[in-house]
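This report describes a sheet, the strands at one side of it, a pair of helices and several aromatic rings. Please keep the sequence and the structure in view while reading.

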Amino acid sequence: MNKQQLLVQLQSEGVQLLTAEGQTLGRRGGAGPSDHKAMTIDGTTVMVPVYTESASDSAIGLKIDGKSGTLLRNDAAIANVELPQQPKFYELTTADGIPYSHIALLHSRDVLATTLLQTCLRYDTPGQACQFCAIGQSLAAGRTIARKSPEQLAEVAEAAVRLDGVKQLIMTTGTPNRTDRGAAYLARCAAAVKAQVPHLPIQAQCEPPDDFVWFQRMRDAGVDNLGMHLEAVEPRVRSQVMPGKSEVPVSYYLEAFAAAVNVFGRGQVSTYLLAGLGDSFDALVSMCDRLIDLGVYPFLVPFVPLAGTPLAKQSPPKSEFMRTLYERIGTKLQSAELFASDTKAGCAKCGACSALSAFEHKVSI
């Protein structure tokens, strides 16, 4: 198995944890790559599911030995991994006693990530919530706070850069309203961070606002890259798995993407596509083609069913399905010269949740 194949399988199927019972190796619940563990394989850091139902049945196991580990199949070692250690900024608290880890978290090796508003207007509304979302779990467990202030985030970002060498910041948010959809608060927080650490690249993530003037306002505030996440593309799938969010149609997203590219530049706007929610192969390829033609990076990720969500027992996509998708989209990206490495900040720049960037260049790895 080559490195490409291994990355695809790990992200699609996860790994079994072959560790002492009760040992915590990753984050459970919440926004972003929950139920995952970061691990570095031959210089590439990936977020791998470890606490999902599918991971418990994975053919690959992870045996931990301090700061490193071994991936095993049928008791035979197939790869060595390094495990990122707890960052130094986690040891600090704000003046009012809030742990820095409640404000922002380290993702992958050098990415600071935060959910600015840990609530969403749809999350607790029957018939509106996205069926794959776990944004409220970490808040309910007391591991975060509902609203991170611009000042708190700037303080944590400065410490994370200074103490742990963080190289970029990703800011997402639950959707607070049906107008700017969080863009205004993202702009405030970006401005505060850039005042403390001017050279830290920032990606902001939100739904398309009602007025595209917010794109320029976010850019002026210091946002370098914008993510607006479709997740699913076919109307039937969108209405089933994200009934509230699907009220914002794909056609409006496409208008917003075009407007955002005019502000942030080609390759500096991206979207998450979750393969495995029900969209067909052809629908995903067609949408990726349209996005790439617009200059939008399609960050294609295998759907990971999170514990405690309505889709917790849904099977993730097969690794062969993902590999074929990656090959097809990677060829298109190669032809368009639209590469994850050229993005200034964001999930595509990090790349830990998707193997897509490994398929952008037709070279052996």
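## The open sheet

Seven strands form an open sheet with mixed pairing, in the order β7-β8-β9-β10-β11-β12-β13. Strands here are DSSP runs of E with at least two residues, helices are runs of H or I with at least four residues, and both are numbered from the N terminus. Two strands pair if DSSP finds at least two bridges between them. The edge strands are β7 and β13 (296–302), each of which pairs on one side only. From one strand to the next, the twist averages 25°.

The model is predicted, so local features need pLDDT of at least 70 and side-chain atom pairs count only at pLDDT 80 or more, whereas totals for chains, interfaces and linings use all residues. Residues are numbered from 1 along each chain as its sequence is written, and side-chain values use heavy atoms, with hydrogens and water left out.

## Strand β8 and its neighbours

Strands of a sheet pair through backbone hydrogen bonds, either parallel or antiparallel. Strand β7 (residues 105–107) is joined to β8 by 3 bridges, and the two run antiparallel. H107 has V111 of β8 as its bridge partner. The hairpin of β7 and β8 has 3 residues between the strands, and S108 in this hairpin takes a positive phi near 55°.

Strand β9 (residues 168–172) runs parallel to β8, with 5 bridges between them; T115 has T172 of β9 as its bridge partner. A further 3 bridges join β9 to strand β10 (residues 202–205), again in parallel. There, M171 stands opposite A204 of β10.

Is strand β8 (residues 111–115) buried or exposed? Buried means under 20% relative accessible area, exposed means over 50%, and partly exposed lies in between (1.4 Å probe, protein chains only). In β8, 5 of the 5 residues are buried, so the strand is largely enclosed by the rest of the structure. V111, A113 and T115 point one way from β8, while L112 and T114 point the other way.

## Helices α8 and α9

The axes of helix α8 (residues 250–264) and helix α9 (residues 281–294) come within 10 Å and cross at roughly 25°. Helix α8 is therefore roughly parallel to α9. Axes are lines fitted to C-alpha atoms, for helices over the stretch in contact, and angles run from 0 to 180 degrees between N-to-C directions. Angles under 35 degrees count as roughly parallel, over 145 as roughly antiparallel, 65 to 115 as roughly perpendicular and the rest as oblique.

The contact (heavy atoms within 4.5 Å) is made by V250, L254, F257, A258 and V261 of α8 together with M287, R290, L291 and L294 of α9. Helix α8 also lies across β11 (225–227), β12 (269–275) and β13, running at about 140° to β12.

## Aromatic pairs

The whole structure holds 7 aromatic pairs. Rings of Phe, Tyr and Trp (its six-membered ring) pair if their centres lie within 6.5 Å; planes under 30 degrees apart count as stacked, over 60 as edge-to-face and the rest as tilted. The rings of F212 and F215 are stacked, because their centres are 5.3 Å apart and their planes lie at 20°. F212 is partly exposed at 24% relative accessibility, whereas F215 is buried at 0%. Ring pairs link F212, F215 and Y252 into a cluster.

Y253 and F257 both lie in helix α8, 4 residues apart, about one turn of the helix. Their ring centres are 6.1 Å apart with planes at 50°, so this pair is tilted. Y253 is buried at 0% relative accessibility, and F257 is buried with a relative accessible area of 0%.
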